[in-house]
Every structure is written in structure tokens, then in C-alpha cells.
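Student: I would like to go through this structure and ask what stands behind each term. Please set the values against the definitions.

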Amino acid sequence: MIEIRFHGRGGQGAVVASKILAEALFREGNFVQSFPAFGAERRGAPVAAFTRANTYPIRIRTHIYAPDHVVVLDASLLDTTDVTAGLKPGGWVVINTDRSPENIPAMRGFKVATVDAGAVALKHGLGVPTAPIVNTAILGAFAKATGKVGLEALRKAILDQVPYNARANAQACVDAYQCTIIIADRI
Amino acid sequence: MKKVLMGDHAVSHAAMLSRVQVISAYPITPQTYVVEELAEACRDGRLKAKFVMVESEHSAMACIIGACAAGSRAFTATSSHGLALMHEMLHWASGARLPVVMANCNRALGPPWNILCDHSDSMSQRDTGWIQFYVESNQEALDTVIQAYRIAEKVLLPVMVNLDGFFLTHTAEVVDVPDQDQVDAYLPPFSLPYKLDVEDPHSFGAICLDDNFMALKHDMQAAMDLARDAALEADEAFAEIFGRKYGLLEPYRMDHADTVLVTNGTITGTAREVVDDLRRRGVSVGLLKVRMLRPFPFAPVRSLLGDRERIAVIDRSVSYGLAGGLACEIRSALYGHDHGRPRVFGYIAGLGGKDVVPSDIEEIVNRTLTYEQPPRDDIWIGAGT
């Protein structure tokens with residue numbers, strides 16, 4: 001079983017990202033679950049979403065308290081939310097940020113990767129400068145950092161699942177994969 | 001074809017595959033994605049049905065009652081306060097013997113305002129003459145809606161398919177969506193024996209005083225008795241075509257189990273993991289999933305639970321001043337018959353979306369094994385007491 005938690009802000013597409021990742025992992029032959037943190041959503045407020053995948057049917061129906069990996073769609077959350085809460089030792093933290101690696105707070109015991117998903121999204125016309133749509137781009141970074149899902153499966157999942165600008169979203173995912181910065185891959 | 005679907009969309013796929021002809025719904029909170037997808041399907045032509053948007057859930061139920069009375073296969077979906085608002089019309093649907101099907105996304109009733117998973121909404125409607133199912137997965141939600149039409153149309157009673165709010169409704173997972181021709185083979189076109197028809201007029205809804213009222217209510221109870229067999233038949237026939245079968249109850253690892261957990265809805269899936277774990281550690285515990293709550297499967301409950309030592313029932317709702325509803329049903333099934341008399345421990349957990357995690361279920365088993373007698377008829381888990 002692999003469990004992934006997404007942190008974002010309402011409107012950034014964290015829930016859709018969790019679904020696309022589930023779809024991609026399904027295409028690779030896994031059983032999957034994806035779900036939002038349950039509750040009422042507000043644009044801009046911190047939100048979370050989750051993906052589970054396993055090689056046999058998933059029976060457990062609880063929230064995810066100890067994820068294997070974490071994806072952060074908005075670096076401002078690093079200052080307000082404990083994004084590594086419950087994260088298993090050695091897990092990846094994949095962060096969308098334009099900060100340079102030395103300006104990312106140390107996360108002892110975890111592996112960290114960054115990508116400027118906002119810039120990648122805008123390059124492909126996804127969203128506006130104040131609110132780029134980063135959810136498909138950051139999935140490329142997740143694939144690069146963790147190796148837990150293939151880029152081709154992600155690309156197909158995006159083309160199948162994203163109702164608007166699917167091709168641009170798929171290309172943003174591929175671009176982000178290529179410009180992901182691995183800050184630490186050793187503990 | 002296998003797809004990754006939310007529970008809401010598994011239900012709307014099932015309604016489409018069942019070739020529903022009229023859908024009526026109130027589209028605002030506490031409504032879910034179920035009817036949104038159906039409205040889109042009606043608009044873009046994927047579904048040849050009339051979608052009637054109304055101003056309340058009371059009217060939504062009234063609308064599908066009218067549609068069904070005129071001979072149409074009719075569907076609606078609701079949740080929590082929406083179901084509560086339908087209460088009067090639920091009696092009308094069952095009393096008029098109309099085989100409508102409704103999906104209810106189980107959510108809490110306020111105040112305090114909550115919206116999350118809880119069975120209070122449907123448990124409050126147990127006495128309305130509706131057949132009730134509780135499902136464990138999105139696949140089971142889809143399959144049960146299709147089965148529901150076959151059962152409803154056989155016994156002429158309405159069916160409510162309950163699925164846990166958020167834990168199923170907003171959770172996407174792998175669902176095998178059947179082919180339309182297979183569903184057509186399973187579910188023939190709807191034909192109501194007596195319907196509103198200007199070519200063949202009858203009186204409907206006429207007053208019926210102390211001369212015949214009770215006989216008609218006795219007929220309803222007899223139809224409920226038939227519904228158990230109808231549900232088993234629908235399940236067997238479903239298995240032949242689709243290869244999936246659920247039963248009215250599902251025993252899980254109950255062989256030689258002294259202690260049995262009883263659950264419904266999504267707590268069941270988590271409980272399976274706990275039972276597997278406890279069995280590995282040598283604890284003699286099994287699990288009984290209650291899929292059909294109305295009509296209550298008294299006879300199989302007695303034969304499956306009557307000879308056990310301890311039963312631990314987990315309820316996701318409470319009848320205030322009494323105990324958990326499912327626990328009360330289990331107690332009433334077991335009291336006063338020939339089997340041994342297990343001690344029944346009733347637990348209240350997971351109200352208002354409170355997560356029921358493996359350690360909660362393990363605590364329930366441990367308490368059940370530790371207590372000599374139940375300290376109360378309702379033992380609360382996770383209420384901070």
C-alpha cells in the first residue's frame with residue numbers, strides 16, 4: 001500500500017490532483033482510492049486530499065494519518081501547516097515553489113524535491129499569474145521524485161480526466177517532470 | 001468496463017444503466033453529485049429521461065411518486081435533512097405500493113451543522129415501509145441500485161440504497177461498470193400492474209377507513225416478508241450475469257468465532273482488516289456485515305449469531321434515550337428463541353463523520369472481551385468521555 005497526502009489551497013486543484021494520480025496508478029494496474037479531506041471548502045483556505053494505491057483491493061475506509069509521501073501545491077502552507085505531520089521517515093515532500101533550494105526549511109528525516117509548477121503552468125497558459133493552476137504540473141514532479149508512477153500513465157490520465165486544456169495540462173506535467181529539483185535524496 | 005468512480009457517480013451510472021425514465025431532485029445542499037451527473041446525462045442525451053428540478057426534497061419525492069404511479073421507472077437521491085424533509089412522502093410511496101428507488105447519502109442531521117457521514121438520517125426512516133440497504137463500497141452501491149429496481153418491482157415496495165457520505169460518496173475507487181445489454185437482460189422494462197392511465201381509469205388514493213385500512217397494511221408487511229426472498233433471488237440472478245454477490249448479510253471469518261462484530265456501511269471494510277489482524281494474533285473474532293436492514297433478516301441473524309458468546313454491534317447513529325438502532329435490532333432478533341443467548345454489546349461510533357480507525361475497532365473487541373456484562377446498552381467510542 002502506498003498513501004499520499006496533498007496539501008493545497010481551495011481552488012488550486014489538490015482534489016483533482018489526487019484523482020488524476022489515482023487514475024494514473026489504476027492505469028498501471030493498481031487498486032486505488034482518492035478522496036478529499038471531508039468538509040466544506042473555501043477558495044484560498046488550506047485543503048488536503050489523499051490517494052491510496054495497492055496491488056490488491058483496498059478495504060480500509062479511514063483518513064490517511066501516516067502518508068508515505070506528501071505533495072505541497074502552495075509553498076506558503078509551509079509556514080502555517082505541519083505538512084510533514086505523520087509522514088513516514090524517508091518519505092518525499094514534493095513542493096511547488098519558486099524559492100531556491102537553500103530557502104526551503106530543513107525537513108529532517110525526509111526527502112525533498114521542488115518544482116516551480118506555477119511558472120510551468122503559466123508557460124502553458126494554465127490559470128493567471130495570481131492564480132496559476134499547478135495541479136497537473138506538480139504531479140510531474142511527484143513522478144520524477146518518487147518514481148512511484150510513470151509519466152506516461154500520468155499523461156494519459158490527464159488527457160482522459162481534465163475537461164479543459166487537457167493537452168496543455170499534460171505538457172505541463174511532462175515539463176515539470178524535467179525541471180524538478182531534487183534537494184535531498186539521502187536521509 | 002473498469003473505471004475510477006466516486007460513489008456518487010457509481011450511483012448515477014447505476015440509475016442510467018437501469019434506464020430510469022423520470023428523475024426528480026432538489027439540486028442544492030445537502031444534495032450530492034449523484035443528480036448532477038444525471039442532469040448532465042439528460043441534457044446531453046446519454047440518458048433518455050425527464051429530469052424534473054423541484055424546490056424541495058418533499059416535492060422531489062412527490063414527483064417521482066407521480067411518475068411511478070403513471071408507470072415510469074423513477075429515481076431520486078438525497079441526504080440528511082433532505083431525507084428528513086421527505087418523511088411524509090416516504091409513507092406515501094410505500095403505502096401506495098410504488099416501486100421507486102432512492103439513493104441516500106448518509107450524512108448527519110444538525111444542529112450542530114455538520115454534513116459528514118452518519119446514519120441518523122436513514123435510521124430515522126426505518127418505519128416508513130421502505131426496503132433499506134447499506135453498502136460497503138462504490139461497486140456495491142452501483143450493483144445494489146440495479147438490484148433495487150428488480151426487488152422493488154417484484155414486491156411493489158420502494159427501496160432506499162444507503163451509502164456513507166464522503167467515505168463512499170466523495171471517494172473515487174475502482175468500479176466495474178456493467179455493459180448496458182447485460183443490465184437490460186437482468187432488468188426488464190418496468191410494467192406497473194395498476195397505473196394512472198386515461199384509457200383505463202381507476203381510483204387511486206381513495207379514503208380507506210377502519211373497514212380495509214388494516215388489511216392493506218397487513219399486505220405491506222406481507223410484501224416486506226416477500227422482499228427477503230426477492231432480494232436473495234435478485235442477488236443470485238445478479239451473480240449469474242455479473243459474477244458479484246452480496247447476500248442480505250455477509251459473514252466474514254465467522255468460523256468458530258466466539259465473538260462477532262456486527263457492522264454496516266464502510267466501517268465494515270476497516271473491520272475486515274482488524275479481524276484479519278486479530279485472527280493472526282489468535283483472537284477468536286469474526287464479523288457479520290448487515291447489508292439489508294429492512295426487512296430485517298431475522299432468521300439468518302439468529303442462525304449466524306445465536307450460538308456465539310459475545311456480539312459487538314457498531315452503530316453510526318443513536319436512538320436518543322434508547323441505544324444504537326442496529327444493536328436494538330440484533331437484540332430483538334436474538335431474544336426469546338431456542339439458541340443460546342449471546343451477550344450483546346452495543347457501541348456508538350463515528351457520529352458526524354468521526355473517523356472509525358482500526359484502533360477504535362480493536363478497542364471495541366477488547367472491551368467486549370473484558371466486560372463481564374455490558375455496562376450500558378450504548379457504549380460510546382470517541383466521544384471524549
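Student: What makes β10(B) and β13(B) paired strands, and in which sense do they run?

Tutor: Strand β10 (residues 259–263) of chain B is joined to β13(B) by 4 bridges, and the two run parallel. Two strands pair if DSSP finds at least two bridges between them, so 4 bridges qualify. Strands themselves are DSSP runs (E, at least two residues; helices are H or I, at least four), numbered from the N terminus. In this pair, Thr259(B) stands opposite Arg310(B) of β13(B).

Student: What kind of model is this, and how are residues and chains labelled?

Tutor: It is a predicted model, in which local features need pLDDT of at least 70 and side-chain atom pairs count only at pLDDT 80 or more, while totals for chains, interfaces and linings use all residues. Residues are numbered from 1 along each chain as its sequence is written, chains are lettered from A and ligands numbered from 1 in the order in which they are written, and side-chain values use heavy atoms, with hydrogens and water left out.

Student: Which strands does β14(B) pair with?

Tutor: Strand β13 (residues 310–315) of chain B is joined to β14(B) by 6 bridges, in parallel. Arg310(B) has Arg343(B) of β14(B) as its bridge partner. On β15 (residues 379–380) of chain B, 2 bridges link to β14(B), again parallel, and Tyr347(B) stands opposite Ile379(B) there.

Student: Why is β14(B) called largely enclosed?

Tutor: Buried means under 20% relative accessible area (exposed is over 50%, partly exposed in between; 1.4 Å probe, protein chains only). In β14 (residues 343–348) of chain B, 5 of the 6 residues are buried, so the rest of the structure largely encloses this strand.

Student: Why are β9 and β15 of chain B called edge strands?

Tutor: The open sheet has 6 strands in the order β9-β11-β10-β13-β14-β15 (chain B), with mixed pairing. β9 (249–252) and β15 of chain B each have a single partner strand, so one side of each lacks a neighbour in the sheet.

Student: How do you know that chains A and B touch, and how much area is buried?

Tutor: Contact means heavy atoms within 4.5 Å, and 19 residues of chain A are in contact with 27 residues of chain B. The area buried between them is about 1900 Å², 60% of it from carbon and sulfur atoms. That is the accessible area (1.4 Å probe) that two parts lose on being put together, summed over both. Within chain A, Phe38(A), Arg59(A) and Arg61(A) lose the most area to chain B, together 42% of what that side buries.

Student: Why does Arg59(A) with Asp276(B) count as a salt bridge?

Tutor: The rule asks for a side-chain nitrogen of Lys or Arg within 4 Å of a carboxyl oxygen of Asp or Glu. For Arg59(A) and Asp276(B) the closest N and O atoms are 2.6 Å apart, so the pair qualifies. The count between the two chains is 3 salt bridges.

Student: What links β2(A) to chain B?

Tutor: β2(A) pairs with strand β8 (residues 172–176) of chain B in the antiparallel sense over 2 bridges. Gln33(A) stands opposite Glu173(B), and Ser34(A) has Ala172(B) as its bridge partner. β8(B) also pairs with β1 (residues 2–6) of chain B, antiparallel over 5 bridges, where Lys3(B) is partnered with Val175(B). β8(B) is mostly covered, with 4 of its 5 residues buried.
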